[in-house]
Each structure stands twice: as C-alpha cells, then as structure tokens.
Amino acid sequence: MTDATTPPPAPGTPPRADCVADAAGGLTFDMAVHDATAPVLVLRRRGGTGGPADEARLPLTPAGEGRARAALPSTMELAEGRWDLLLDERAVEPGIRDVRSLVDRIPDEKGPVAVRIPYPTADGRLAVRSWLRAPHAEAGDIGLGDGTCTVEGVLYGAELGPGAVAEARLGDRVHQVPADGAKGRFTFTLPYDDLARTPPPAGKQHLWELWLRPDGDAEPVRISRLLDDVWDRRSIHVYPVHRREGYRAAPCYTTDNDLCVRLTA
C-alpha cells in the first residue's frame, strides 16, 4: 500500500485498477482504459437478482497520463454483499489498494453505518465487500475467563436502556445474558456452559450467533467487527479454545465478520 500506481497494462490484457479508500467510506478507482469501448466501471452484486439495486455504474473520467478515474462516493448506497468490478463485462484485476484510512474509522453518527472494503478474490479479481447496518454493534476487545468470554464494543444508532441483553442464537434456541454500558459502549459476559447444555454431535459443531438487544423492547442487533480494513477476519482474529469435558468453545468470526461462539464436541 503505497502512493505509487500500477503500470498501465499492454493492450488486450485484463483491466487492472488501483483503489484508494477514504475515511468517509468512499472509494476511488484509477486505471488505464485505452482499449475500453464504454467509459464506465460497473459494480455488480454477486448473487443479486439483476435489478437496479444490484448494479452501480461509475463514469470514468480522464486522470492524465493515459489513465482514467471512477469514484464511488460515500453518499451512494451500496447494499450489503460482495460486488465484482467489471469493465466492458471483463473482470477487473486488483492493483494497489490503499485502505489505510479505514483503520480505526469512526463512522458518521447520522444514518446507517456503511462500510466498503476493496479486496482481491481467491481467483484474482477485484471486488468490494459492502456492509450496511442500522443500528450497528461493533465488536471490540474480547476477554477470556475460566469458561467465559467477555465482549466489549460500541453501539451506533441506538442506546442501551432498561432490559438490555446480549443473545446467543442457534436456530430457534436463544440464550440471554445481561448487557451493561454507557455513552455508546456495551459489555457482557457469556458462560460457555450455558451453550453446552445441548452439545453438538461428535464431529460436528454449533455456531452460536451473538446479538445485542439494546433494551427490552428493541429489535436485536447483530454483533460484528467492520470498522477497519479487514474484509475477512476468520484467520486473523483467532482466539484460544476453552476445553472442558464434553465440549470445546471459542469466539470466532464468520466470513461476513459477524461474531459467534463455536462449540465443538
């Protein structure tokens, strides 16, 4: 991640884009487009229905030295999901990605929390992972005790009130523990033994999703960690496993950066 730019590709090679993220949530794409027939960079949501909400068209404007630039402003809504970049229906390859401004980002208090992180796919394409949450419960430090995990975080778009609880969910099973906090912060401690009352079968696992219900009448909010430059933290945030007779347990993140507790037999 530097201030340099990717050298322009030779004619006929796959298009390649450099990307810069800003702290407000916008993205700027720079690329050489000397062989493009339509000066538009397309973002298309993977698995969408093909409707207008599943495609964003960004005009490419001259940026000097044979390059062009497209901007995805923070004010443009992008539905949650994975968005592939296309130029003339050709997949765009990732160049330099400067996402330093996303580290320790503090979102605007107005409106939903919108996160866009550019990333390279496993097969070498450039894509954007988008989240759109309102309210949003941002996971922070996770402390590990004797058979428990304590989760701290920040709540955006809502406040804790009477009856606030954290919920561990597995299908139609819900286990609640009290949640405390003030000035937008929350914390709760979850005992693993409570989740292990119905242990998973041998060789299987239970993935308990963690939610925060800000007060007794509020809808639950999914607890995730989104406000940095990591698009998939499964192998980055790995926590020690608590071992007890009959089960093993540890906090973990999903491919969507949602917080869970994994329970294995």
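**Exercise 1.** Is F186 buried or exposed?

*Solution.* This is a predicted model, in which local features need pLDDT of at least 70 and side-chain atom pairs count only at pLDDT 80 or more, while totals for chains, interfaces and linings use all residues. Residues are numbered from 1 along each chain as its sequence is written, and side-chain values use heavy atoms, with hydrogens and water left out. Apply the accessibility classes: buried means under 20% relative accessible area, exposed over 50%, and partly exposed in between (1.4 Å probe, protein chains only). F186 has a relative accessibility of 2% and is therefore buried.

**Exercise 2.** Identify the aromatic pairs and characterise their geometry.

*Solution.* Step 1: rings of Phe, Tyr and Trp (its six-membered ring) pair if their centres lie within 6.5 Å; planes under 30 degrees apart count as stacked, over 60 as edge-to-face and the rest as tilted. Two aromatic pairs are present in the structure.

Step 1: Y119 and W231 are stacked, with 5.7 Å between centres and 20° between planes. Y119 belongs to strand β10 (residues 113-120) and W231 to the loop between β18 (221-224) and β19 (242-244), so this pair ties together parts 112 residues apart in sequence. Strands (E, at least two residues) and helices (H or I, at least four) are DSSP runs, numbered from the N terminus. Y119 is buried at 4% relative accessibility, whereas W231 is partly exposed at 26%.

Step 2: F186 and F188 are also stacked, at 6.5 Å centre to centre and 10° between the planes. F188 is buried, with 3% relative accessibility.

**Exercise 3.** Find the charged ends that sit over rings.

*Solution.* The criterion requires NZ of Lys or CZ of Arg within 6 Å of the ring centre and within 35 degrees of the ring normal. The charged end of R129 sits over the ring of W131, 4.3 Å from its centre. That of R233 sits over the ring of Y253, 5.6 Å from the centre.

**Exercise 4.** Describe the surroundings of N257.

*Solution.* Step 1: N257 is located in the loop between β20 (247-253) and β21 (259-264). Step 2: its relative accessible area is 0%, so N257 is buried. Step 3: leaving aside neighbours within four places in sequence, N257 has contacts (heavy atoms within 4.5 Å) that include W131, W231 and R233.

**Exercise 5.** Which residues touch the most other members of the largest nonpolar core?

*Solution.* A nonpolar core is a set of buried Ala, Val, Leu, Ile, Met, Phe, Trp, Tyr and Cys residues joined through side-chain atoms within 4.5 Å. In the largest one, of 31 residues, these are F29, L41 and L43.
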